[in-house]
Amino acid sequence: MAEHVQPHGEQVGAVHAPIRTYLTVWGWLFVLSAIAYFVDIVHLTGWLKTVLLTVLALMKAGLIMAFFMHLRFERLNLIYALVAPLIFLVAMLVGLVPDGVSVLLRR
Amino acid sequence: MSAEAALQHTEQPSVWAGGVSPFGVSWQKLMMWIFILSDAFIFGSFLVSYATSRASVGAWVDTGKVFALHVGGSEIPLLLIAIMTFILVSSSGTMALAVANAYERRKKQTVYYLFLTMLLGLTFVGCQAYEWTHLIVDYGVRPWWNPFGPPQFGAYFFTLTGFHGLHVLSGVIYLGLIARQVAKGVYDRRGSYANVEIAGLYWHFVDLIWVFIFTMFYLF
């Protein structure tokens with residue numbers, strides 16, 4: 001795959017992956033979704049389930065953004081400009097969920 | 001002019017100096033990315049609100065049981081959602097093939113894969129219509145009440161899946177308009193199929209959101 005990667009391509013939309021790469025990514029998305037489904041139906045619980053599902057979701061998100069949405073072939077400053085703001089979503093999650101837990105403890 | 005200044009003059013200008021395209025993409029593509037980022041924050045806020053509410057009530061609804069399907073006398077947990085995920089991931093694959101064909105300016109194949117993507121998108125929305133009908137009519141689920149557990153479940157179910165389904169439906173219409181342009185040869189005359197790639201960004205984003213709804217709402 002690496003030989004097709006030219007992150008500083010000058011022509012807009014000129015640099016992209018061959019169809020074989022898309023099919024490989026597609027296959028992996030099926031595999032990762034199936035693993036996530038089985039993690040749930042075999043009744044894994046607690047931290048193991050949380051960690052596994054989070055890692056699987058982030059892997060799928062990474063594949064979709066990198067290849068299907070072509071971020072892999074865009075300039076680095078576009079990638080940073082789009083991915084960096086998402087840290088605020090993580091901050092919101094980390095900031096608000098403990099609030100929910102404290103409500104539960106006061107019920 | 002000193003030799004040093006002349007040397008500086010021939011160097012590459014800064015990408016932020018203006019007059020160049022700092023991100024190296026067309027403005028249409030950049031605008032779509034900015035829209036996607038803002039939409040990601042809308043869905044992100046919904047999901048964070050859901051996570052907070054769920055943390056505040058303790059026991060939650062057993063989604064595996066609620067979204068199970070009966071196959072040959074046995075109940076397979078979450079089967080309907082697994083099928084919907086399969087359909088949406090498939091549609092992302094056909095969309096990627098449409099974009100790959102658009103790069104090569106293969107008009108017929110681009111239209112073919114766009115139609116296939118729309119068909120899969122409509123199938124997904126159809127499954128969702130079945131799911132909503134089943135929950136509303138058979139179980140009496142409302143945004144403020146449901147027979148399974150905490151009342152918050154209904155509100156978050158309708159908000160998350162409803163907003164996502166609306167995005168899929170909008171995407172089908174959007175792809176339909178793009179497919180029409182391709183079929184009419186508009187992009188051949190323009191010499192650029194870039195609009196297919198930009199529509200692809202939107203479609204893949206809708207799939208990306210489903211990854212998180214599937215994980216956080218259905219699997220957890």
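Me: Where in chain B is B:A179 found?
Reply: In this predicted model, B:A179 is found in helix α6 of chain B, the helix that covers residues 152-183.

Me: Why is B:A179 called buried?
Reply: A residue counts as buried if 20 or more other C-beta atoms lie within 10 Å of its own, and B:A179 has 21 other C-beta atoms within 10 Å, so the word buried applies to B:A179.

Me: What makes B:V111 a residue in contact with B:A179, once neighbours within four places in sequence are left aside?
Reply: Two residues are in contact if their C-beta atoms lie within 7 Å, and B:V111 meets that condition with B:A179, as do B:L114 and B:F115. A separation between C-alpha atoms is another kind of value, and for B:A179 and B:N101, which stand 78 residues apart along the chain, it is 13 Å.

Me: What makes up chain B, in helices and strands, and in which pattern do they follow along the sequence?
Reply: Chain B has 8 helices and 2 strands, and, read along the sequence, these elements follow the pattern α-α-α-β-β-α-α-α-α-α. Of the 220 residues in chain B, 40% are buried, and among its contacts with a separation of 6 or more, 67% are between residues 24 or more positions apart.

Me: What elements does chain A have, and what percentage of its residues count as buried?
Reply: Chain A has 4 helices and 0 strands, so that from the N terminus on its elements run α-α-α-α. Among the 107 residues of chain A, 25% count as buried, which is to say that each of these has 20 or more other C-beta atoms within 10 Å of its own.

Me: How do you know that chain A touches chain B, and which helices of chain A supply that side?
Reply: The contacts show it, for 38 residues of chain A are in contact with 41 residues of chain B. On the side of chain A that touches chain B, at least two residues each come from α1 (19-41), α2 (46-68), α3 (76-83) and α4 (87-106), and by class that side has 28 nonpolar, 5 polar and 5 charged residues.

How values were computed:
Residues numbered from 1 in each chain as written. Chains lettered and ligands numbered in written order. Predicted model: local features only at pLDDT ≥ 70, side-chain atom pairs only at ≥ 80, totals over all residues. Nonpolar A, V, L, I, M, F, W, Y, C, P; charged D, E, K, R; others polar. Buried ≥ 20, exposed ≤ 12 C-beta atoms within 10 Å, placed from the backbone.
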